Amino acid sequence: MKKFTLIIALFFVVLGASAQQKQEKNAFEAGEWFKFKMSYSGFLKAGNATLEVKEARLNGKDVYHVVGKGWTSGAIKWFFKVKDRYESYFDKNTGLPYKFIRDIDEGGHTKDLEVEFDHNAGLAHVNNKKEKTKASYSIEKNVQDMVSAFYYLRNNYNTNSIKEGDVVSLNMFFDEENYNFRLKFLGREELNTAFGTIKTLKFRPYVMAGRVFKEKESLTLWVSADDNKIPLRIQADLAVGSLRADLEAFKGLKHSFKVQF
């Protein structure tokens, strides 16, 4: 079950695209909403996850406020209940995060963290509400949290000239630690979805490698090959079976969404 909860968490971080120049069009706007269904080996219902973009004001700044939720459903919730909530407040122009919230309950394992980012001082101030402790940690330049990273990549990397094998890396702060998050481009593929056949970009995320997933196990991500860069599927291939999350509903897209047939 630890791998199931990781998949929910990964939805708020490994969705994005690659290449090394800023794109001309923003990929999203306030009002965008996604809902994903989680399954084991593509048929046993396991849970759901949502992402929603709102506008807000934080300390006098105009920001995007994104709320991500993940929870178990079906038979699985009766013996392993998950209820996760992630929030990020990030600058509408630079995409840099100012505040991150992680409030989770995963089978009784709970966390309640609030992180304030001071990019000028190079510090992340972490308020651990569960443990009633506060601490500050050094952060890398242009660091992202696990939610803002998704939207930063969608807005800041142009995929028109991407080549198979290209890798994008990004500094991330998560759970009181700095990480180097990487995505490798695997190629272009037409994917059968609930909406029809869609042209996609296929990626391999390398986050937390070796901590949860074994060497013969892998993660794969499919993103729509259009101006929206919609996350369509993420799959974790395990020693036995696979965990998969598929987009099942959306609204508020900034650009037209093209389906092949």
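## Strand S4 and its partners

Strands S4 and S5 (residues 97-106) run antiparallel and are joined by nine bridges. Strands here are DSSP runs labelled E of at least two residues, helices are runs labelled H or I of at least four residues, and both are numbered from the N terminus. Two strands count as paired if DSSP finds at least two bridges between them. The model is a predicted one, in which local features need pLDDT of at least 70, side-chain atom pairs count only at pLDDT 80 or more, and totals for chains, interfaces and linings use all residues. Residues are numbered from 1 along each chain as its sequence is written, and side-chain values use heavy atoms, with hydrogens and water left out.

Strand S4 also pairs with strand S3 (residues 61-72), again through nine bridges and in antiparallel fashion. Tyr89 illustrates both pairings: Tyr89 is the bridge partner of His65, and Tyr89 also stands opposite Lys99 in S5. The hairpin of S4 and S5 has five residues between the strands, and Gly95 there takes a positive phi near 80°. Strand S4 is mostly covered, since eight of its ten residues are buried. Buried means under 20% relative accessible area, exposed means over 50%, and partly exposed lies in between, as calculated with a 1.4 Å probe on protein chains only.

## A buried charge: Asp91

Asp91 belongs to strand S4, which covers residues 82-91. Although Asp91 is buried, it has no salt bridge, and the nearest side chain of opposite charge, that of Lys61, is 6.7 Å away. In this description Lys and Arg count as positive and Asp and Glu as negative, while His and the chain ends are not counted. A salt bridge requires a side-chain nitrogen of Lys or Arg within 4 Å of a carboxyl oxygen of Asp or Glu.

The side chain of Asp91 does make a polar contact with the side chain of Tyr98, at 2.6 Å. A polar contact is a pair of N or O atoms within 3.5 Å; within protein, one must be able to donate a hydrogen and the other to accept it, and residues adjacent in sequence count only if both atoms are side-chain atoms. Residues up to four places away in sequence set aside, Asp91 touches Asp62, Val63, Leu96 and Tyr98. Contact here means heavy atoms within 4.5 Å.

A nonpolar core is a set of buried Ala, Val, Leu, Ile, Met, Phe, Trp, Tyr and Cys residues joined through side-chain atoms within 4.5 Å. The largest such core has 55 residues, and those with the most contacts inside it are Phe34, Phe117, Tyr151, Phe173 and Phe203. Apart from this core lies another, of five residues, including Val63, Tyr89, Tyr98 and Ile101.

Phe117 has contacts with several residues beyond its neighbours within four places in sequence, among them Pro97, Tyr98, Phe100, Leu123 and Phe173. Tyr151 is one of the buried residues of helix H2. Helix H2 (residues 148-156) is mostly covered, with nine of its nine residues buried.

## Salt bridges

Side chains of opposite charge can pair when their charged atoms come close. The structure holds 13 salt bridges. One of them joins Lys35 and Glu248 at 3.7 Å, N to O. This pair links distant parts of the chain, with Lys35 in strand S1 (residues 33-40) and Glu248 in strand S14 (residues 242-251), 213 residues apart. Lys35 is partly exposed at 25% relative accessible area, and Glu248 is partly exposed at 31%.

Glu55 forms a salt bridge with Lys92, and their closest N and O atoms are 2.6 Å apart. Glu55 lies in strand S2 (residues 44-58) and Lys92 in the loop between S4 and S5, 37 residues away. Glu55 counts as exposed because its relative accessibility is 53%, whereas Lys92 is partly exposed at 28%.

## Two lysines with positive phi

Most residues other than glycine have a negative phi. Lys132 has a positive phi near 60° and lies in the loop between strand S7 (123-128) and strand S8 (133-138). Lys229 has a positive phi near 55°, and its place is in the loop between strand S12 (218-224) and strand S13 (231-237).

Are these two lysines buried or exposed? Lys132 counts as exposed because its relative accessibility is 72%. Lys229 is buried, with a relative accessible area of 3%.
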